[in-house]
Amino acid sequence: MRKIISLLPMEDFLLLVKFDNGIEKKVDIKPYLQYPVFSALKNINVFKSVENRGNFIEWQDYEIDLSADTLWHDGKEN
């Protein structure tokens, strides 16, 4: 399992994620916003409240999370 070293929320619902192998990827969260469980993230301030938990990221107040492996798979190398 991959581990997230750093996480930076950016404009346009992008996340800049650095993994333990040194690779950085940009992850576009917009495709997830169509699903009801992710609807709270449509508010950019909520989106930017994301927290790094190492093996996953989460928006704790909204009980939303994504695994490091999902971010790795969906991300595009920076």
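Over the ring of which residue does the charged end of arginine 2 sit? The charged end of arginine 2 lies over tryptophan 72, 3.9 Å from the ring centre; a charge counts as over a ring if NZ of Lys or CZ of Arg is within 6 Å of the ring centre and within 35 degrees of the ring normal. Lysine 25 also lies over the face of tryptophan 72, at 3.7 Å from the ring centre.

The model is predicted, so local features need pLDDT of at least 70 and side-chain atom pairs count only at pLDDT 80 or more, while totals for chains, interfaces and linings use all residues. Residues are numbered from 1 along each chain as its sequence is written, and side-chain values use heavy atoms, with hydrogens and water left out.

Rings of Phe, Tyr and Trp (its six-membered ring) pair if their centres lie within 6.5 Å; planes under 30 degrees apart are stacked, over 60 edge-to-face and the rest tilted. By this rule there are 4 aromatic pairs. The rings of phenylalanine 19 and tryptophan 72 have centres 5.0 Å apart and planes at 85°, so this pair is edge-to-face. Phenylalanine 19 belongs to strand E2 (residues 14-19) and tryptophan 72 to helix H2 (residues 68-74), 53 residues apart; helices (H or I, at least four residues) and strands (E, at least two) are DSSP runs, numbered from the N terminus. Both phenylalanine 19 and tryptophan 72 are buried, that is, under 20% relative accessible area, against over 50% for exposed and in between for partly exposed (1.4 Å probe, protein chains only). Tyrosine 32 and phenylalanine 38 form a tilted pair, 5.1 Å centre to centre with 55° between the planes.
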